[in-house]
Each structure stands twice: as C-alpha cells, then as structure tokens.
Amino acid sequence: MVLLTACGDSTDPEGPPDSGQSRPDAGTQQPDAGTEVPDSGTEPPDSGTETPDSGTEPPDSGTEVPDAGAETPDSGTETPDSGTETPDAGSDAGTSVLDNWSFEEWPGALPSQWLGSQSNFTSDAVQKVTTNPYQGLNAVRLINDTGTHKRFTTVARSMPAGRYSCTYQVRGAGEIRNAFFSTDYSSYSSYTTVETQDWTRVSYSFNLANPVYDTFEFIFSLRNTRGDHLLIDDVRCARAPEPCDMVSCQSWERCVNATATCEPLSGRCDNATQCSEWQSCDASHTCVTAADRCVRHADCAGTPRTPVCDTASHRCVEGDPCAGVVCNNPATSCNPTTGVCELSPGACFTTYDCRGDLPACDPATRRCVSAEHPANIIRNGGFENWSNTPIPYHGTPYIPDYWYGLDNGVADPGSEIKPSRLVPYTQAVHGGSRALQFVVPIQIAERFTLQKFNVPTGNYSCSYRVRGHGTIRHRIYSSAGWSPQTDFITVDSDTWEPVFFRFTGNVRDWRLFFYPGRSVADRDHLQVDDVVCTKD
C-alpha cells in the first residue's frame with residue numbers, strides 16, 4: 001500500500017467558509033491540495049479490518065495522529081494557521097464583542113440581540129436567509145428600497161472605552177454604512193456601494209473615549225437596496241488591547257495609556273500638590289477649599305471682620321458683600337452673608353415659596369398671605385366657616401362651607417364620604433381658628449371634594465397642610481378630565497407638613513378631591529388645613 005500525505009494552508013478567511021467540502025480522512029475525501037492524488041480511490045479503505053502497513057503505525061481512522069506533527073486537523077474546530085486569520089467556524093463566539101454576530105439565533109421572526117431601540121427598520125424588512133450564508137447556517141437580509149437611509153442596530157449594551165475594529169460580510173445590491181449610538185449618534189462612515197452576489201468584506205473602526213453604560217448600539221445604515229437587497233453576515237468587532245488594560249486604579253484615578261500609570265481625575269488628588277494653591281486634599285481625595293481660603297462670600301461668614309471673599313487671592317478681606325449688588329426684582333434683596341439676591345423674608349414668586357405660617361402667594365404684591373386672602377381661589381380653604389347643609393340621604397349635617405360637592409354620576413363625580421366623618425378641629429391648627437379633621441378608621445379611602453367652579457386661564461400653584469396619623473392623596477377633576485393620580489402619603493406626625501401641586505386653568509367645573517383613609521386615634525386621626533391655589 002502506498003501512503004500519500006499532503007500539507008497546506010487553511011482556507012482563506014476572506015473567502016467563503018469550509019462548508020460544502022468533504023470531511024477529512026474518510027474514504028471519499030478530496031485531497032487537501034487541489035493537485036494531489038487522493039489517498040483512496042479504488043484502494044480499499046485504510047480503516048475497518050485492514051492491518052496497518054507498519055506495526056508501529058497508528059491507524060488512519062479517527063484516532064490517527066495527523067500526518068504532519070505541527071498540522072491541526074481540517075475540521076471546524078481548527079485553530080487558524082496564522083495568528084491574524086479570522087477563524088472559519090462560527091463557533092468562535094469570542095471573536096466579536098457583539099452578541100449573535102453571525103445571525104445564528106432566531107428565536108422568532110427576528111434575529112436575537114438585534115433591532116435595538118435606535119432601529120427604524122420594520123420587522124417585515126428584516127428577513128432570515130439560509131441559502132449561501134457566509135458562515136454558519138444563517139445570514140440576514142435587510143430591505144430598504146428608498147433613498148432615505150434606515151438604521152438596523154444591535155440591542156443596547158455596555159461597552160468599555162477603547163478603539164474598536166470591525167469587519168462584516170455583505171452581498172446583494174444597495175448602499176451601506178456604519179455608525180454607533182452611545183448617548184447620541186456618532187458620525188457616519190461613507191457609504192459602500194454593493195453590487196455583487198459574492199460575499200464582500202467591509203471594514204469599520206470607531207473609538208469610545210469613555211465607557212458607555214447600557215446604551216451602546218452598533219448601527220448599519222442602508223438605502224437604495226434592490227434585487228436581492230443587502231445580505232449581512234459575520235459581524236466581527238474587536239477592541240484593541242491597551243496598556244491600561246493591565247493596570248488597576250483607585251476610583252478617584254484614571255489610567256493614562258501613554259505611561260500606563262494612574263493619575264488623579266480632575267478635582268481629585270493624592271496630596272495637596274495636585275490641587276490649586278488655595279486648596280487642600282481631603283480624606284476622600286478631593287481638592288477642597290483650604291480652611292483659611294475662600295471661593296465665595298459665604299466662606300467668610302465665620303470671620304465677621306473680613307466678610308468679603310477676594311476671588312483673585314481666595315482670601316477673606318474687609319468690606320461689604322452687598323456693595324454694588326442691585327436686585328431688580330422687588331421680591332428679592334441682597335443677602336449680607338452671600339452677597340447674592342435672594343427672596344426677601346416673607347416674599348414669594350409662587351405659593352411654592354410660602355412654606356411658613358402664611359401659605360398663599362399674592363401675585364400682586366409677591367408677598368406670602370393667609371389662606372383667607374382673596375388671592376386664594378379656593379373658597380373657605382382654611383375651613384373657618386361651617387354650616388348645617390342639606391345633603392341627600394344624610395339630612396342637614398354640619399360641614400365646611402363650599403365643600404362636599406355632590407356626586408351626579410360617573411361624568412360628574414362628587415363626595416362619597418359620610419358627613420359624620422368630617423369634624424371641625426380646634427386643638428392645633430395651621431392658620432385661623434379651625435382645621436378639618438377626617439375620622440376615617442377604615443381601610444378604603446373615601447373621596448371628599450370641593451364644590452365645583454370655573455377657573456380662569458393661567459398657571460396655578462397650590463398647597464395644603466396635613467398632620468395626624470393616616471393616609472391621604474389628592475386629585476383634580478374638571479372639564480379637562482382627571483389629573484394624573486397621585487400616590488398616597490403616609491402621615492404620622494404632630495407637625496403640619498405642606499403638600500404642593502400645580503395645574504393649568506381655563507377649565508370649567510374644577511374641583512379638588514381628597515382621599516383620606518386608615519386614620520388612627522393616637523394623633524387625633526387626620527387633619528387638613530389651609531388649602532390654597534394662587535395664580536403664578
């Protein structure tokens with residue numbers, strides 16, 4: 001028996017894959033080199049019952065040691081002959097930082113890990129291709145026969161900083177280019193015009209100056225596809241190794257690739273020499289203002305004889321922080337500590353600024369006023385006035401004036417709480433002499449509402465004060481419909497706490513709803529006072 005052997009390079013990674021060739025070492029195998037005569041032919045197979053030619057020779061079957069000592073078998077698990085060669089087999093998933101880069105995974109009609117949030121391809125324009133893929137079993141066809149480009153992207157993921165080199169295979173007819181999305185779109189590469197049924201390799205490189213967390217998407221941009229449109233496969237992206245990959249830095253440092261050393265981030269430090277001369281380095285490795293230096297007048301508040309910060313020297317000097325400061329808004333004045341125009345005591349821009357005893361903002365004077373002031377559009381918002389009022393099915397209970405709006409159906413909701421659960425409260429009030437006490441020791445909150453009225457055009461800022469023990473939330477209904485539903489607030493305090501909200505006017509039948517519930521007697525149940533809404 002004559003034993004013929006052949007040695008040769010593995011297939012070119014730029015060309016089509018090894019699929020379609022016969023398997024090695026079997027009796028029907030084609031030779032490794034195109035001109036070599038096959039080992040078999042009319043000769044009986046090497047394996048089976050045949051005794052090897054040499055008693056010391058290993059059999060030619062699957063347990064055979066390759067003919068060349070350095071040669072790796074031709075199968076799909078072969079390691080490439082050249083270190084720079086792209087592996088033939090699609091099982092080498094480590095060769096791309098992208099998931100499902102060979103489009104092998106199709107759990108449904110779309111490829112897994114693709115068609116991310118920045119894609120604008122419709123699902124019917126993304127098709128699975130099983131005929132003549134570049135490698136593996138599948139490729140993807142993308143269809144966009146318009147002149148306006150469309151994006152096909154990966155799903156969002158995190159990516160470390162670095163330089164990335166990508167290649168992919170494409171065939172068909174159309175124009176294609178690449179970009180990426182991090183927190184915004186990168187610039188696009190130039191279009192590559194494709195007009196071939198042979199797989200063609202396209203390259204694309206990009207740089208991430210900083211890490212990207214949970215938002216990175218790799219982008220294919222296509223236009224003017226036709227015929228078989230554009231088929232894509234084997235999308236391989238690799239990050240170039242950097243010197244800093246082997247360096248670990250502290251959280252307040254960064255690694256510099258040029259030197260492969262750690263340096264403090266901007267504003268951070270290892271010692272004071274790495275800060276400005278008027279700063280010191282604190283225990284958290286942060287550059288901070290030194291004890292005897294300043295950056296603003298407030299830093300000099302502890303030295304009354306030198307209350308002014310000289311920003312040139314960063315030292316406290318004599319003077320008046322408010323010298324030369326002009327406050328143009330009548331609601332503001334210069335703060336003698338900071339030298340900055342701030343709201344004067346008792347002044348306001350909106351009701352949100354009125355957090356003390358006076359809860360409403362008068363837009364005419366820009367001063368905080370009581371809930372009984374005419375600037376407050378909520379009638380009897382302080383619950384000062386109560387009367388015996390006829391209510392269907394409840395007789396004439398004692399309730400606060402202008403409240404307990406009646407329920408006239410789904411399109412016109414009103415109060416459902418029993419009037420007996422509404423009690424005038426005088427032991428501790430926020431303003432005036434009375435507040436409203438809700439006695440609702442039940443699990444389900446019951447709505448309580450104003451009587452409806454029309455609200456003129458404008459933006460309105462509102463608040464109310466609440467204390468006691470229980471839960472409460474509010475909501476608005478008008479001709480504009482329901483406002484968004486707010487969450488329940490859990491109240492367990494003897495201190496009056498403000499709750500703020502806003503709405504837009506120019507509506508009819510406006511009313512405010514409260515939903516009290518789960519009140520507990522240890523703090524006299526729930527109390528509400530000083531409900532105010534003023535025009536901004």
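Reader: How many disulfides does the count come to by the rule used here?

Author: A disulfide is a pair of cysteine sulfur atoms within 2.5 Å, and by this rule the count comes to 12 disulfides. This is a predicted model, in which local features need pLDDT of at least 70 and side-chain atom pairs count only at pLDDT 80 or more, while totals for chains, interfaces and linings use all residues. Residues are numbered from 1 along each chain as its sequence is written, and side-chain values use heavy atoms, with hydrogens and water left out.

Reader: Where in the chain do Cys269 and Cys281 lie, and which hand does their link have?

Author: Strands are DSSP runs of E with at least two residues, and helices are runs of H or I with at least four, both numbered from the N terminus. Cys269 sits in the loop between β10 (261-264) and β11 (279-281), whereas Cys281 belongs to strand β11, so that the pair links distant parts of the chain, 12 residues apart. Their sulfur atoms are 2.0 Å apart, and with 100° about the S-S bond the link is right-handed.

Reader: Is Cys269 buried or exposed?

Author: Buried means under 20% relative accessible area, exposed means over 50%, and partly exposed lies in between, using a 1.4 Å probe and protein chains only. Cys269 is buried, with a relative accessible area of 0%, while Cys281 is partly exposed at 23%.

Reader: Why is the disulfide of Cys322 and Cys334 called left-handed?

Author: The torsion about the S-S bond of Cys322 and Cys334 is about -95°, and therefore this disulfide is left-handed. The link of Cys354 and Cys368 is also left-handed, with -90° about the S-S bond; the sulfur atoms of Cys354 and Cys368 are 2.2 Å apart. Cys354 is buried, with a relative accessible area of 1%, and Cys368 counts as buried at 14%.

Reader: Which residues have the most contacts inside the largest nonpolar core?

Author: A nonpolar core is a set of buried Ala, Val, Leu, Ile, Met, Phe, Trp, Tyr and Cys residues joined through side-chain atoms within 4.5 Å. The largest one has 34 residues, and those with the most contacts inside it are Phe438, Phe448, Trp510, Phe514, Val528 and Val531. The largest share of this core, six residues, comes from β25.

Reader: What does Phe514 touch?

Author: Contact means heavy atoms within 4.5 Å. Not counting residues up to four places away in sequence, Phe514 touches several residues, including Trp403, Phe438, Phe448, Tyr464, Val528 and Val531. A second, separate core of 32 residues includes Ala125, Cys166, Ile176 and Phe218.
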